Structure formats: structure tokens, C-alpha cells
Amino acid sequence: MKFSISSSILAILPLASFAVGATLPLESRQTCTLTCGNVQDSLPFIQSFSQSGTDHFYTTSTTENAQFAAKGYAAQGVAGRIFPTQEPGTVPFFRLFNAGWVDHTYTANQQLRSAEINITKPPYADDIIAGYVYLDGSCPGTIPLFWAFSTSITDSFFTTDLAEYDSAISSGVYNGQGVAAWIYPAA
């Protein structure tokens, strides 16, 4: 039997607790002073998928992406842009790996990261910091990075395309997990 903290903990806690943050009202954005990173310093967050392992994988490293391609992961484009180093207003976007499920997942939420490592069976393990992201959409030009999780194929899927996210959920294979982070668009 497969168990996932991603689906189980969300049954206990409201989705809002894991939705990283809502966009600030327009009035708030106009009156606050924001310190945001320079989008010019962001890198493509490359998306690949292993059909045999049913695992989505994301990285900013072309070298690492090539290593995963050699393992049978097929390139699926760029999910968006994230920072390779800490920039003003950003937080770490942790990459976790579950060897039992062959699943990479990503989170900026420390509480969820801890739960995936300490509660999920089989447990996830810290892999690396995939990059740095925003917790909300208050920096101009950022868009939500949606997260969907499949208990049937144990796969974490991330996209900035709301139609693609909705399609994954309506397929019945994935369950919507909300917004994982705010990032810059691919183009």
C-alpha cells in the first residue's frame, strides 16, 4: 500500500496551510516597498520525465539534466525561471527524493519538507536546494508554480500553466496540491 504525506496531511490540514501564499491585493502592492531579485539572474527550471520511473524531474543545471537524460528522462521544456542563488525576498526551493517511489518533489514550505522526511512512508530524503523562489506573488512578473501529486503513480508534477494543471487533475491521475512557489515565466 502506498502512503503519501502529500495527500494524507492535506486531509488533516486545510490546503491553505500548504498553499505558499496568495497574491497581495493591488492596494497593498502599491503601498509597500518590495525588495525582489533581478529576473536577469534567474535560470530556466528545466523539466524532464521518466516514463519508466513515472517521475518528473526539475533542475537549473544543463549538466544535471544531461545526466538524467542518459538515465532515460525525456526533456519536456522549461517550467519557468528560478534563482540559482539566494536573491532578495527568496527562499530555498528544496528538492527531495523518495527512492522507494522513485519520486522527486520540491517545496519551499519547511513544515511540509519536515513531514515528507519524517512522516511519509517510505520517507523522502533531502536531495539539494533546487534553487530559490518567492513565497507569494508580490514581486512583479512572478507567476504561481502549481503542484499536483499522483498517489497512483507516485509522481510530483509542477507547472505554471493553469490549463495543464487543471488537465492533470481532471484526468483523475493527479490531485491538486495548490501553489508550491512563485517564479518567473519561462519566456
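Two strands are taken as paired if DSSP finds at least two bridges between them; strands (E, at least two residues) and helices (H or I, at least four) are DSSP runs numbered from the N terminus. The model is predicted, so local features need pLDDT of at least 70 and side-chain atom pairs count only at pLDDT 80 or more, while totals for chains, interfaces and linings use all residues. Residues are numbered from 1 along each chain as its sequence is written, and side-chain values use heavy atoms, without hydrogens and water.

Strand β7 (residues 143-150) runs antiparallel to β8, to which five bridges join it. S150 has D155 of β8 as its bridge partner. With β9 these strands form an open antiparallel sheet in the order β8-β7-β9. Because β8 (155-159) and β9 (175-183) are edge strands with a single partner each, one side of each has no neighbour in the sheet. Neighbouring strands are turned by 25 degrees against each other on average, direction ignored; axes are lines fitted to C-alpha atoms, for helices over the stretch in contact, and angles run from 0 to 180 degrees between N-to-C directions.

Helix α5 (residues 162-170) packs on this sheet and touches β7, β8 and β9, its direction making about 160 degrees with that of β9 (contact: heavy atoms within 4.5 Å). G172, with a positive phi near 85 degrees, follows α5.

Elsewhere, five bridges join β4 (residues 91-98) to the antiparallel β5, and F97 stands opposite H104. Four residues separate the two strands of this hairpin, and V102 in the turn has a positive phi of about 55 degrees. In β5 (residues 103-107), five of five residues are buried (under 20% relative accessible area, 1.4 Å probe, protein chains only). D103, T105 and T107 lie on one side, H104 and Y106 on the other.

Note on methods: Buried means under 20% relative accessible area, exposed over 50%, partly exposed in between (1.4 Å probe, protein chains only).
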